[in-house]
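Here is a short report on a protein complex. Look at the chains first, then read on.

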Amino acid sequence: MHNFFQFVIGGLGFGGIYAFAALGLVLIFKTSGVVNFAFGAMATVVTLTLWSLLNHAGLPFAAAWVLAMVIAMLIGGFTNGVLMRRIERSAVLVQIVLTLGLLILIEGLAGVLWGYGPKSIPQPLSGNPVNVASFLITPNDLFIIGLTVGVGLLLFVVFEWTRVGLAMRAIAADREVASLMGIRTNLYVTGSWALGTALSGIAAILVAPSLGLEPTMMDQVAVFAFAAAIVGGFGSLIGAVVGGFLIGVASNLIAAYVSTNLQLTLIFAVIVAVLYVRPDGLFGRQAVSRQ
Amino acid sequence: MSELSLSAARRGALVKSIRKLPLGLRMLAIVAVAIVAIVFPAFEGSDSFVMYTATQALVYGLAIVSLNLLVGFGGQISLGQAGFLAIGGYAAALLAIHVSGLPIPIEVLGAGAATAVIGFLLGLPTGRLRGHYLAILTLGFGVAIPEIALNWTSLTQGRTGLTVPPPRIGNTIFPTPTELYYFSLVVLVICLVAIFSILASSTGRAFAAVRDSEAAATAMGINVTATKVLLFTTSAFFAGVAGDLDAHLQGLVSPDSFPFSLSLFFFAAVVLGGLASVWGSLAGAVILAVIEAETSSSSGWEPVILGGAVVLLLLFLPRGLADFPYRAQQALRRWRGRKPRAAVPPSRAEVS
Amino acid sequence: MLGLRGVSLSFGGVKAIDNLDLDLSDGIVGALIGANGAGKTSVLNVINRFYEPQSGSVQYDDVDILRLRSHQVIKHGISRSFQNVALFNQLTVFDNLLVGADHISRPGLLTNLFRLPKARRHGREARKRAERVLEFLDISHLRARRASELPFGERKLVDMGRALTTDPKLLLLDEPAAGMPEARHESLAKLIRQIPDEWEASVLLIDHSMALVLSAASHVVAMDFGAKIAEGSPDEVRSDPRVIDAYLGPQDAAQQDGAQAEAGLEG
């Protein structure tokens, strides 16, 4: 039993990473109604930029991290402001296809610019596992869990209790009406793309030390992040955080008790099961059907 | 940019974009393509790399048309079409290895049928899912299949993969690049005839009806869920056949043969060729195969070209490449100083 | 013979249909009138099984409609058109009609694939039926046009045509005159009057164009806030004080308001 809980705790670090990725997805989806399939590639470019800042510009880790976040926001803002905005009234399929095109393009560009060999960046915190209530946990995992919970709560507070959040919720409910009410919808949507890309950038920066930094690094993480967002109902920020931790723990348990090579498959089975039984996720509300 | 709206003009189901050209010109183009496809090996047959690329284009052609059936004609999404190819490929390899003397038509049908069963199962939840959820579901499928193939070593030999013998009829085997090319061409043509036959029938109309309005389709007695499941099954069948052809072309199926990027490239090719355009999809397949052949040595430009083309196309030529002849014709008219035709392509009714 | 008994439908707290009884005999044109939001389209959506009523029963001949799934309703001869037109936009007008005819005998995929005799026979019959509808509605010249290209009024006609192609015994028409110039209302009314004889189908018509309803229908039911307030011949319903109050009243009042506002502007 102790082993079991040790595996649960061991999954929380990755869970936090999936939570960040899911948060970015959900935030963008809430305001713009678009699932950004290119988020993983964008986040990878942010991380590769961080790598360059560390290794070529020789910046200290914290400064490089801050600069990488700024670049993430520019990438996200540019994507919405210049590309997605032009097709915001098009069918869902067109929007999905554009983000898929961006996924292919950005991953390819990352390969051309940075090459395909794996690179390494350091963990935010190094150090041996510490003993917390008889369970072992690394300082880095503790940092990730704390950061996830902190950022998740901050986003929740902003979204639920501030004027900015109110505007974003209005946009999520009905963009046309929000626009008529005088809310600068384009600004907020572009802002959420910027913030969402920064959040997935954090996920990529946190996962890179474990996976090895390369252009297609996030392809697999993306599946876990989609699963986390779906478990969380694809519209709830708290759901995304909870979903992220659940998926992180579940995949660690799968690796421990079933097979390390079947994680993706079993997580896919989780996606199928959730979508089949509760198409709106464990935390989602039933959408009002059209017609 | 109302032109960018998919709902308006992009999804010309039974109305194909090529219809915009005069009938004679269209027939001429089809005959020309057929002649080129048939006599091609007479000129290039000695160059096995060219023959390989040409055969790859045929295989991709079937795969991309099968995806377009789903996306363009049926309004559904699959980001895991390579997963279907994988199932077809493994089924073909297993049949060819374990059933000695199996006639090739049976093998091809078997690979298609095995894949169709999986397509049926994957299609079951789609009655309730649409848009983003369907995209994520199929993406997960596409990523999971190679992983399953990797781990089910008793069946698939894991990473080593399965060696696929060349196609055979009776005691004759067809191992040369030119023979593989004709084998793939014949299968592709049969599949295209079948697909056109389905699209022109009440079944094809039901696919399009569900795509255009689920409510109206229901009121007209169409079981929307059953129709979507049938669509997934049909698409998977043809993708499985493409997987069979691919297995023979490569001579090997392994988990690495079907990366997620392949599914993405297929999707890009559907968009490049134009939704709901079979001929456009075939053109997209040629482009995909050629880019792959030309960029395989220089590292990594293939995704840049394909992804960049998709993004640019969505912004500048939103109806896909199938629209290009019509656009070119219009540009030519403008260049000659004549008044361009109306934005709405004239229909037969207007002409008569 | 269509019969609704005590049908109630509400969304959240809002009653869309309130304990409605409704009968429609075979071979006639009946009409359901009422102001916007009176619950007319909801009645069609209940009969069509798009909405699940909280109580009541819907009977058509001997069939308990509420036991069917929505795509099965048409098998029992009930077809419909849509208020906002739900054509298959990327298909031609002719293909739209063919989809309507397709339910009559639905050949399977393999039957279609190999063009077996059954599929060919179905194709011939469907085309014949679609041709007849084109002729009846006088829209043969539109056959090869893509549905999305047509103006709203013509789309309404095609929508009605698609419902006719299904060989219905009961045709539900949701505001067929919407989007058509008033000059065409009389000819449309004439078409609708011909449907029982020419197509052996009864019609349940919804519209708020009083002129169209009065000229097309022989039996009228008036609704207000989801409940039936009057029923009878067009003349009876027109002169019913509750109908005048609920239906014509506010309109007159609005006109008066408008007149006053104009007067105010001038003054």
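Which hand does the crossing of α4(C) and α5(C) have, left or right? The crossing of α4(C) and α5(C) is right-handed. (A crossing is left-handed if the near helix is turned anticlockwise from the far one by less than a right angle, and right-handed if clockwise.)

This is a predicted model, in which local features need pLDDT of at least 70, side-chain atom pairs count only at pLDDT 80 or more, and totals for chains, interfaces and linings use all residues. Residues are numbered from 1 along each chain as its sequence is written, while chains are lettered from A and ligands numbered from 1 in the order in which they are written.

**Two helix pairs**

Two packed helices are described by the angle between their axes and the distance between the axes. Axes are lines fitted to C-alpha atoms, for helices over the stretch in contact, and angles run from 0 to 180 degrees between N-to-C directions. Helices (H or I, at least four residues) and strands (E, at least two) are DSSP runs, numbered from the N terminus.

Start inside chain C. The axes of α4(C) and α5(C), residues 152–165, come within 9 Å and cross at roughly 140°. α4(C) is therefore oblique to α5(C). (Angles under 35 degrees count as roughly parallel, over 145 as roughly antiparallel, 65 to 115 as roughly perpendicular and the rest as oblique.) From α4(C), the contact takes R129(C), A130(C), V133(C) and L137(C). L157(C), G161(C), L164(C) and T165(C) come from α5(C). (Two residues are in contact if their C-beta atoms, placed from the backbone, lie within 7 Å.) This contact has five nonpolar, two polar and one charged residue. (Ala, Val, Leu, Ile, Met, Phe, Trp, Tyr, Cys and Pro count as nonpolar, Asp, Glu, Lys and Arg as charged, and the others, Gly among them, as polar.)

Now cross from chain A to chain B. α4(A), residues 92–114, packs against α12(B) at an angle of about 125°, with the axes 10 Å apart. This pair, α4(A) and α12(B), is therefore oblique. Its crossing is left-handed. α4(A) brings V97(A), L100(A), G101(A), L103(A) and I104(A). α12(B) brings L264(B), F267(B), A268(B) and V271(B). Eight of these residues are nonpolar, one is polar and none is charged.

**Chain to chain**

Chain A gives 40 residues to its contact with chain B, and chain B gives 43. On the chain B side, α6(B) supplies the largest share, 15 residues. That side has 30 nonpolar, 10 polar and three charged residues.

Chain C touches chain B too: 37 residues of chain C meet 33 of chain B. The largest share of the chain C side, five residues, comes from α2(C). Here the classes are 14 nonpolar, 13 polar and 10 charged.

**Confidence**

The predictor gives the complex an ipTM of 0.87 and a pTM of 0.87. The table covers two chains by pLDDT (the predictor's confidence in each residue, from 0 to 100).

| Chain | Mean pLDDT | Residues at 70 or more |
|---|---|---|
| Chain A | mean pLDDT 88 | 96% of residues |
| Chain C | mean pLDDT 87 | 92% of residues |

In chain C, confidence is lowest in α9(C), at a mean of 54, and highest in β6(C), at 95. Over residues 253–267 of chain C, pLDDT stays under 50, and the model has zero contacts there beyond four places in sequence.
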